[in-house]
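Welcome, and thanks for taking a look. Below is a short briefing to read alongside the structure, with the points grouped by topic.

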Amino acid sequence: MVSPSHPIFEGFPEFRPGTVWLVGAGPGAPGLLTLLALHGLQQADVVVHDALVSDAVLGFANPSAEHIHAGKRGGKPSAVQADITRTLIALAQSGKRVLRLKGGDPFVFGRGAEEALGLAAHNIDFRIVPGISAGIGGLAYAGIPVTHRDFNQSVTFLTGHDLSGDLPLAIDWAGLAKAAPVIVMYMAVKHLPDIAARLLAAGRAPDEAVAVVMEATLPTQRVISGTLGDVAALMPQIAPPALIVLGPASSLRPVLDWYDTAARENRYG
Ligand code: SAH
């Protein structure tokens, strides 16, 4: 393993005691961590991580680091979130180097902003270390480019549930259906039939392609495809964590699907 004093880290920022790094762990494969994330993991006194962060990624942490599991799955009550933010504040105030490790990117449906706001309110210095978001890098592992200039000039990231676990009320389904050629949905397994019904009612075509990518970038990655009009047929085969992609992006998958045939046995990516 590369040590924190390895020349590759020369000039990297120091992880000062009493500060928090909010770090994106990427979609799952440890090889998709950034160098800054690795640098932080090697120095942290305590790692506070989510359910979606794999053991292999946690294995990069300093062996003497304390690990705190702060996982939340499926939109549990926000009180849990307040607890996590309080924990980060207390650990930083006790003088620790605190690394908050989140799946994907901390600012993409990861509540990283809420935690950062909590830290700012308590005058705790923090750093954001972006990660590869599952909705971009995870899909690349399924041969699904989120943009292709022949198909889409924009891409929309949608969350399938709000704080209470319900379908977000604020979504303008008619506007979305009209304006978003490719929709990448996070946390959308539970409400997928409802989401599909709303998009169909708003004018999307029943024969539009839907791809579901589960456990993206991991050796256990699975991909299934179907159509918007028939998501019911897909439901029994879907298990979280999953990304759901609507639109032409997944039509390139038969040609671009490199991961299924490549180094799947390599658990680092
Ligand atoms: N901050 C994260 C997203 C957190 S929300 C990011 O930027 O990727 C959690 C959701 O992300 C899951 O419900 C799922 O929709 C998606 N997700 C994260 N990792 C995934 C993976 N390896 N495979 C499929 N979906 C994943």
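Where in the chain is the place of Arg111? Arg111 sits in the loop between β4 (98-102) and α4 (112-121). Please keep in mind that this is a predicted model.

**The chain as a whole**

- The secondary structure of the chain comes to nine helices and ten strands. The radius of gyration is 19 Å, close to the 18 Å that the globule rule gives for 269 residues, so the chain is as compact as a globular protein of that length.
- Taken along the principal axes, the C-alpha atoms of the chain fill a box of roughly 55 × 40 × 35 Å.
- Of the 269 residues in the chain, 47% count as buried.

**The ligand and its shell**

- The ligand is surrounded by 17 residues, and the closest are Pro27, Val108, Ser133, Ala216 and Ala242.
- By residue class, the shell around the ligand divides into twelve nonpolar, three polar and two charged residues.
- Why does the ligand lie between domain 1 and domain 2? Domain 1 (7-132) and domain 2 (135-256) both give residues to the shell, so the ligand lies between them.

**Polar backbone atoms at the ligand**

- A polar backbone atom of Pro27 is 2.8 Å from a nitrogen atom of the ligand.
- For Ala216, a backbone N or O atom lies 2.8 Å from a nitrogen atom of the ligand.
- Glu215 also has a polar backbone atom facing this count, at 3.5 Å from a nitrogen atom of the ligand. Taken alone the ligand exposes 540 Å², and the protein buries 91% of that.

**Backbone geometry to check**

- Most residues other than glycine have a negative phi, and most peptide bonds are trans.
- Arg111 is not a glycine, yet it has a positive phi of about 60 degrees. Arg111 counts as buried because its relative accessibility is 17%, under the 20% cut-off.
- Glu215, which is not a glycine, has a positive phi of about 50 degrees. The place of Glu215 is in the loop between β8 (209-214) and β9 (222-227). At 33% relative accessibility, Glu215 counts as partly exposed.
- The peptide bond from Pro240 to Pro241 is cis, with omega near 0 degrees. Pro241 lies in the loop between α8 (231-234) and β10 (242-246).

**The loop between β6 and α6**

- Leu167 lies in the loop between β6 (156-159) and α6 (173-179). Is Leu167 buried or exposed? Leu167 is buried, with a relative accessible area of 10%.
- From C-alpha to C-alpha, Leu167 and Val210 are 19 Å apart in space, and they are 43 residues apart in sequence.
- Asp166 has its place in the loop between β6 and α6. With a relative accessible area of 45%, Asp166 is partly exposed.
- Asp166 and His191 are 25 residues apart in sequence, and their C-alpha atoms are 8.0 Å apart in space.

**Arg204 and its polar contacts**

- The place of Arg204 is in the loop between α7 (192-201) and β8. Arg204 is buried, with a relative accessible area of 9%.
- Which side chain makes a polar contact with the side chain of Arg204? The side chain of Glu208 does, at 2.8 Å.
- A polar atom of the Arg204 side chain also lies 2.8 Å from the backbone oxygen of Ala177.

**Gln221 in the loop between β8 and β9**

- Gln221 has its place in the loop between β8 and β9. At 3% relative accessibility, Gln221 counts as buried.
- How many residues apart in sequence are Gln221 and Tyr259? They are 38 residues apart in sequence and, C-alpha to C-alpha, 9.1 Å apart in space.

Methods
Residues are numbered from 1 along each chain as its sequence is written. This is a predicted model: local features need pLDDT of at least 70, side-chain atom pairs count only at pLDDT 80 or more; totals for chains, interfaces and linings use all residues. Side-chain values use heavy atoms; hydrogens and water are left out. A residue is near a molecule or strand if one of its heavy atoms lies within 4 Å of it. A polar contact is a pair of N or O atoms within 3.5 Å; within protein, one must be able to donate a hydrogen and the other to accept it, and residues adjacent in sequence count only if both atoms are side-chain atoms. Accessible areas come from the Shrake-Rupley method with a 1.4 Å probe; for residues, only the protein chains shown count as cover. Ala, Val, Leu, Ile, Met, Phe, Trp, Tyr, Cys and Pro count as nonpolar, Asp, Glu, Lys and Arg as charged, and the others, Gly among them, as polar. Domain bounds come from an automatic or database domain assignment. Helices (H or I, at least four residues) and strands (E, at least two) are DSSP runs, numbered from the N terminus. The radius of gyration is taken over C-alpha atoms; the globule rule is 2.2 Å times the number of residues to the power 0.38. Buried means under 20% relative accessible area, exposed over 50%, partly exposed in between (1.4 Å probe, protein chains only).
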